[in-house]
Amino acid sequence: MTGICLHSNTPVVGQGRSWFPRAFHTLRVRLIISVALVHVVLMGQFTWEAVDRQSHELRQEMVNQGRSLASLMVVASTNALLSEDLASLAEVTRRVGEREDVSYGEVVDVRGFVMASTREGRVGRKVGPMIEQNDQFPLNEDDRILDLRDEVIIDSSRVGLIRLGLSTKNLENALAETRNRGIQYILLALVIGSIAAWLLSLAVTRNLHDLTLAAKRIGEGDLNARVDVRSQDETGTLARAFNLMAASLHRSSREIELEHRKRTDAERLACVGEMAASIAHEIRNPMVALINSVKLLGNEQLSAEDHKAVSDIVNTESNRLQRILNDFLMFSRLPDAKLEQGDLKVLIEQTIGLVSQDPLYADGISFDCRYEDDNSCLFDSDLMRQVLINLMLNAMQAISGEGKLTIRLQQLNGRLNVSIVDNGRGIPAEVMPEINKPFFTSRKEGTGLGLPVVQRILAQHGTALTITSREGSGTEVAFDLDVESNG
Ligand SMILES: Nc1ncnc2c1ncn2[C@@H]1O[C@H](COP(=O)(O)OP(=O)(O)OP(=O)(O)O)[C@@H](O)[C@H]1O
Ligand SMILES: [Mg+2]
């Protein structure tokens with residue numbers, strides 16, 4: 001059997017079908033109904049015409065037969081009418097009456113008296129109003145008789161009348177039989193047509209169904225999905241075109257992937273080089289300070305006061321080294337975010353508790369927090385803590401002295417907006433494009449990895465940091481979070 005089948009490693013999942021009322025919208029049902037209707041209409045028309053034609057022919061034939069019989073009666077009755085030979089006339093009607101299709105036959109004299117009849121009790125009676133028309137088919141619904149009349153004329157004068165009635169029973173039966181046969185043919189055509197339409201629709205829609213499944217799988221990212229083409233018809237052509245399209249899609253996607261990989265490899269290498277240079281630059285100063293201090297500490301003539309001063313330098317510089325390495329590790333090996341529903345207010349309060357312990361920047365800074373009634377949203381608690389620490393520390397470092405840090409949570413467009421505003425020194429416009437770059441810093445003791453880490457963590461939360469600032473007035477950093485899981 002011709003057709004197309006799916007072939008792929010992934011099993012094809014059957015689709016649930018509701019047959020009512022959607023069934024009437026399917027191609028299969030529409031095709032069956034259309035073909036069945038065409039069959040019924042054509043066969044109905046054909047049958048109706050056949051019955052009509054047969055009815056006309058049979059009636060014509062009956063009229064001809066009746067006329068012949070009436071003429072025969074005229075010939076057989078002429079002499080008997082002249083001689084008023086009732087016995088001969090009775091013989092004529094008796095013979096006529098023997099015919100199965102004769103309903104009645106009568107000979108009437110010129111005055112209108114019945115002289116012989118196939119019907120009992122009619123002889124001697126005066127017949128009612130004469131039939132005006134010959135060849136008359138049923139005068140009314142109940143009268144199933146063809147009424148005929150013929151005159152007996154001798155030397156141009158009428159001497160009598162023949163009245164003949166032929167039963168239309170045979171004609172009706174023949175027509176009924178034709179009609180019934182026609183109905184049988186209509187039903188047969190209906191059944192055969194529906195089966196043929198069903199088989200046809202099965203072949204067409206199954207192919208379309210396979211194509212739909214393959215297209216769906218490609219849409220879901222499985223570019224290996226193909227349809228197995230076996231039919232040579234239009235759906236086969238469509239399936240072949242589909243396979244070509246899928247193959248070229250697959251090829252293009254592989255090329256793009258390769259290109260992307262090449263580019264990211266190159267970018268990564270460039271980035272690694274850049275970072276290596278930055279790290280070397282960052283750690284060179286503390287390392288030089290450390291080496292010199294260690295040399296000095298080896299000098300036995302060093303006074304106790306100088307010894308303490310040099311020890312302090314060793315302490316500060318090794319802490320600085322450790323911080324640079326920690327920041328760098330955080331930046332280069334950021335763990336994947338595990339988003340969970342949590343109360344951001346609690347995390348903010350904890351973080352304020354942490355940063356307000358900072359001996360260098362916390363003095364003189366007041367925190368103003370404004371929350372919503374419901375501050376629940378989706379975040380990775382460890383990573384979000386890092387974000388808040390980096391942003392709050394940046395704000396505190398920008399204030400350096402007396403100042404205010406406002407933290408506001410706000411429900412906006414179905415998301416929770418987080419905003420941290422400081423009234424510190426602000427960011428100069430020319431510096432603004434640089435601040436998100438790794439290792440950019442305007443602070444002597446900064447590494448310039450704080451904001452890049454924040455941006456990477458926020459990207460994992462499906463959001464980004466926006467920074468608005470006016471030099472001399474302050475800075476606002478903001479981002480928003482999903483309030484609940486979308487799927
Ligand atoms: N709230 C702010 N106000 C003023 N300037 C800011 C603010 N936040 C960031 N900056 C500027 O952006 C620069 C980069 O910030 P980032 O947090 O990346 O590094 P850093 O703070 O200098 O060093 P690190 O955070 O690694 O210790 C800062 O040096 C500072 O110039
Ligand atoms: Mg910082």
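Over residues 202-254, the chain of this predicted model is 74% helix and 8% strand, with end C-alpha atoms 36 Å apart. Helices here are DSSP runs of H or I with at least four residues, strands are runs of E with at least two, and both are numbered from the N terminus. In an unreviewed entry, UniProt lists residues 202-254 as "domain: HAMP". UniProt positions are given in the numbering used here, feature names are shortened, and the annotations may be inferred rather than shown by experiment. The span 185-204 is 100% helix and 0% strand, and its end C-alpha atoms lie 28 Å apart.

Residues are numbered from 1 along each chain as its sequence is written, while chains are lettered from A and ligands numbered from 1 in the order in which they are written. Local features need pLDDT of at least 70, side-chain atom pairs count only at pLDDT 80 or more, totals for chains, interfaces and linings use all residues, and side-chain values use heavy atoms, with hydrogens and water left out.

Glu177 is part of helix 3 (residues 169-219). With a relative accessibility of 47%, Glu177 counts as partly exposed; buried means under 20% relative accessible area, exposed means over 50%, and partly exposed lies in between (1.4 Å probe, protein chains only). Between Glu177 and Tyr361 there are 184 residues in sequence and 111 Å in space, C-alpha to C-alpha.

Helix 5 (residues 304-332) has 29 residues, and the distance from its first C-alpha to its last is 42 Å, close to the 42 Å expected at 1.5 Å a residue. The expected span of a helix is 1.5 Å times one less than its number of residues. The buried residues of helix 5 are Val310, Glu317, Arg320, Leu321, Ile324 and Phe331. An α-helix has 3.6 residues a turn, so residues three or four places apart point the same way. The cover over the buried residues of helix 5 includes helix 4 (234-297) and helix 8, where contact means heavy atoms within 4.5 Å.

Helix 7 (residues 381-399) has 19 residues and should span 27 Å at 1.5 Å a residue; its end C-alpha atoms are 27 Å apart, which agrees. Of its 19 residues, 14 are buried, so helix 7 is largely enclosed by the rest of the structure. At the start of helix 7, a side-chain oxygen of Asp380 comes to within 3.1 Å of the backbone nitrogen of Asp382. Such a polar contact is a pair of N or O atoms within 3.5 Å; within protein, one must be able to donate a hydrogen and the other to accept it, and residues adjacent in sequence count only if both atoms are side-chain atoms. Just after helix 7, Ser400 has a positive phi of about 35 degrees.

Asp380 also takes part in a second pairing, in which its backbone nitrogen lies 3.0 Å from a polar atom of the side chain of His461. His461 is located in the loop between helix 8 (450-460) and strand 12 (466-470). His461 is buried, with a relative accessible area of 5%. Leaving aside residues up to four places away in sequence, His461 touches Ala337, Leu339, Leu378, Phe379, Asp380, Met384 and Leu481.

Ligand 1 is surrounded by 22 residues, of which the closest are Asn394, Thr441, Ser442, Thr447 and Leu451; a residue is near a molecule if one of its heavy atoms lies within 4 Å of it. An oxygen atom of ligand 1 is 2.8 Å from a side-chain N or O atom of Asn394. For Thr441, the distance from an oxygen atom of ligand 1 to a side-chain N or O atom is 2.5 Å, and for Ser442 the corresponding value is 2.5 Å.

Most residues other than glycine have a negative phi. Phe439 has a positive phi of about 70 degrees and lies in the loop between strand 11 (415-422) and helix 8. At 15% relative accessibility, Phe439 counts as buried. Ser156 has a positive phi near 65 degrees and is placed in the loop between strand 4 (145-154) and strand 5 (157-167). At 76% relative accessibility, Ser156 counts as exposed.

A search of the whole structure finds zero disulfides, a disulfide being a pair of cysteine sulfur atoms within 2.5 Å. For Cys369, the nearest cysteine sulfur is that of Cys377, 15 Å away. Cys369 counts as partly exposed at 27% relative accessibility, whereas Cys377 is buried, with a relative accessible area of 0%.
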